[in-house]
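Where in a protein is empty space left, and how can it be found? Rolling a probe the size of a water molecule over the atoms shows where empty space is left.

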Amino acid sequence: MAIKVILLVIFFGAMIAIGFYSRSKAKNVNDYVLGGRTVGPWISAFAFGTSYFSSVVFIGYAGQFGWKFGLSSTWIGLGNAFIGSLLAWLVLGRRTRIMTQKLDAKTMPEYFGKRFDSKALRLAGSVIAFIFLVPYTAGVYNGLSKLFGMAFNVDYRICVIVMALLTGVYVVVGGYMATALNDFVQGIIMLIGICAVIIAVLHGQGGFMNAVKELSLIETDPTVTAPALQGSQGLFASFFGPDPLSLLGVVVLTSLGTWGLPQMVQKFYAIKDEKAVKTGTVVSTFFAIIIAGGCYFLGGFGRLFGDIEGVKLVQPDGTVKIAFDNIVPSMLSTLPDVLIGIVVVLVFSASMSTLSSLVLTSSSTLTLDLIKPLMKKDLKEKTQLRLMQVFVMCFIIISVVIAFNPPTFIAQLMGVSWGALAGAFLAPFMYGLYSKKVTKASVWASYIVGVGFTLFNMIHPVIKSPINAGAATMIAGLIIVPLVSLISPKPPMDKMDEVFSCYETVVSVPEKENLGK
């Protein structure tokens, strides 16, 4: 217990110190929200990666999908790395930085408002972002509470409150730069921690080969696998697992989803220069391979720990229910105390980096895209800063209240949040960076389909899995936006030419960066 407490105290102290160190770099709105658009390559890459992966992935997703798909769940981590990180940087990174600077947009709703010349789109986008970031934040708190309860055997509410206070302090004090610097430190902890945990867990199962052998002897469970594959053995140690189509749905949601999440895309707004784009692309992809690939690979061995108390819950009618959120904590409970302490700091790192990004995104969106446009008089810079700091605390309080009584599994909370946000924002944001022909009506159509289908599916499930439902809304948006743009009034071409002129600006570069003819 002493080891765990000492590690946590050192970790908390470092986070708060970085927050106060960054205070001098958050004197105005641009600095507070985007770090003055001067964030370097390694910090940009780690900020993107650590905001991507939290306790939702480590505890919720790794446990649930590792149980359902076995070792094939590793594909989810690889999808996160190559689609959610590598392709996101290649497709969105540079263009997002150039376009948002041209439009002087600090948030995603502000981008929609200025890119499509619509105050209403900006207001609607801010409401969507604020509402649907809350369940994701609650899922992060809930995931951490499971691990905290296992490691310290205390009421998880204490963990949630402590984490909320710490996140609030360094975000309120230091803004984006505090979160980015903390993300860098937390990212290093995550890389070291996940490698140590995988080695220790496999060692406890007699090594990698023996663990795979034991996994291959487990029969598939008819309640969680595709009918065509029921009764087969060895599928949990196979290449594509027992249910490849459901696996594909998870890959789409968790990988493509990052392209439409405000807290992820806004990392590109703050990029400093060309070097930051190139280095960030490589580093964030490597980071995702290790962290996401490692988490899902580890979760793939979850069924070997099915006999530990708390994983299988017997219901009053005699049926057995799997407590997916308890699987990874149960796996980790077998580790030595020193490693458990490292794991606690690892998940705290992952969770606090994501939380800080979420609360900063929510508060800035609410202030700049909802409150400011509705005010008759211009808000002073200092007033905007104070409002954002107040909303940081309000957002944290709302998330804590939900986390105290979470409505469903962690994975489902994230599915609803990502499905609505990425379903509404992904397609119009990406197409808007590349095409002058994307119309205002198509953005409204994407908003309506993304949010409308998510809410309808919650009340009257058309697609039972929130994960697959979220993936479906993203794909629907990618189809709907170009179709609606074809049949709706086109934006003024002179206005579009002016907006897209930012891509044509001629700059001088050294010969080593351009071979010429």
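This is a predicted model: local features need pLDDT of at least 70, side-chain atom pairs count only at pLDDT 80 or more; totals for chains, interfaces and linings use all residues.

Residues are numbered from 1 along each chain as its sequence is written, and side-chain values use heavy atoms, with hydrogens and water left out.

On a 1 Å grid over the protein atoms alone, a cavity is a set of points where a 1.4 Å probe fits but cannot get out, whereas a pocket is an open set with protein on both sides within 12 Å along at least five of seven lines; a lining residue has an atom within 4 Å of a point. Points are joined across faces, edges and corners, and a volume is the space filled by probe spheres set on them.

There are 2 cavities of 30 Å³ or more, and the largest cavity has a volume of about 70 Å³. Its lining includes V33, Y176, Q263 and S364. Helix 8 (156-204), helix 11 (262-269) and helix 14 (337-374) each give two or more residues to this lining, helices being DSSP runs of H or I with at least four residues, numbered from the N terminus. The largest share, 4 residues, comes from helix 14.

The largest pocket has a volume of about 460 Å³. Among the 16 residues that line this pocket, R94, I98, E274, T505 and V507 are the closest to its centre. Helix 5 (74-103) and helix 12 (274-299) are the elements that give two or more residues to the pocket lining, and the largest share, 4 residues, comes from helix 5.
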